[in-house]
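User: Could you walk me through how to read helix packing and aromatic pairs in a model like this one?

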Amino acid sequence: MQPGDSTLGLDPDQLSVLGVVVDRIYPDTTWGPGGARLHVADDISRQLGGAYGTGSDSYSSRPFTPDAHSSFGWQRDESRLAFLGRGLLAVDRFATARYNARFAELTTTQQDGLLNDIEIGSAAQGFSHTEWIAWFDLVLEQVFAALFITPVGGRYGTEWAWNRLLNGGDA
């Protein structure tokens, strides 16, 4: 899949924040390209823009158990796409409240600090403790799915994924 595909599920503001979050989770290294160069945010947006992310093929009525183990499946009133998008906007608001700047404008140290607060549920803006943890878990799940599972250009599998990661996204 190429950047700029019109099937994206997130809006441009959400996608912009996701791109920075992904690049902090999976940055460029001497081993290979990071999330930005691999267009991971676009892949996540495409994946969540379909039936899986919108919940159109899932049971989506109560009763839910929000603190249930992930093996119980998605346990929220809103879709994965809506939850992810709402969290991305909350990340930007959290950054603005703490540093008076949008998340993408922060230093990498500031971004990492905010993401650490979000990961452990101690972010003070936007979500409850458990919602921040669930949101961060969803982001991690989607980053690794986009890197190793989600088909890109019709290709699947770990051999292809490792070639993509180690060859700069040109596999």
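Predicted model: local features only at pLDDT ≥ 70, side-chain atom pairs only at ≥ 80, totals over all residues.

User: What do I look at when two helices pack?

Analyst: Two packed helices are described by the angle between their axes and the distance between the axes. Here, take helix α1 (residues 12-25) and helix α2 (residues 40-48): their axes come within 8 Å and cross at roughly 125 degrees. That makes α1 oblique to α2, and the crossing is right-handed.

User: Which residues of α1 and α2 meet?

Analyst: On the α1 side you have Leu-15, Leu-18, Gly-19 and Val-22, and they meet Val-40, Ala-41, Asp-42, Ile-44 and Ser-45 in α2. By type, that contact divides into six nonpolar residues, two polar and one charged.

User: Now the rings. How many aromatic pairs does the structure hold?

Analyst: Four. A pair of aromatic rings is described by the distance of the centres and the angle of the planes. For Phe-83 and Phe-127, the centres are 5.4 Å apart and the planes sit at 5 degrees, so this pair is stacked. Phe-83 belongs to helix α4 (residues 80-99), while Phe-127 lies in the loop between α5 and α6, so to speak a link between distant parts of the chain, 44 residues apart. Both Phe-83 and Phe-127 are buried.

User: And what about Trp-132 and Trp-135?

Analyst: Those two are edge-to-face, with 5.8 Å centre to centre and 90 degrees between the planes. They are three residues apart in helix α6, which means about one helical turn separates them. Trp-132 is buried at a relative accessible area of 0%, and Trp-135 also counts as buried, at 0%. Finally, Phe-83, Phe-94, Phe-127, Trp-132 and Trp-135 form one aromatic cluster.

Definitions and conventions
Residues numbered from 1 in each chain as written. Heavy atoms only, no water. Axes fitted to C-alpha atoms, helices over the stretch in contact; angles between N-to-C directions. Helix = DSSP H or I, 4+ residues; strand = E, 2+ residues; numbered from the N terminus. Parallel < 35°, antiparallel > 145°, perpendicular 65-115°, else oblique. Left-handed = near helix turned anticlockwise from the far one by under 90°. Contact = heavy atoms within 4.5 Å. Nonpolar A, V, L, I, M, F, W, Y, C, P; charged D, E, K, R; others polar. Phe/Tyr/Trp six-rings, centres within 6.5 Å; stacked < 30°, edge-to-face > 60°. Buried < 20%, exposed > 50% of the residue type's maximum accessible area, 1.4 Å probe, protein only.
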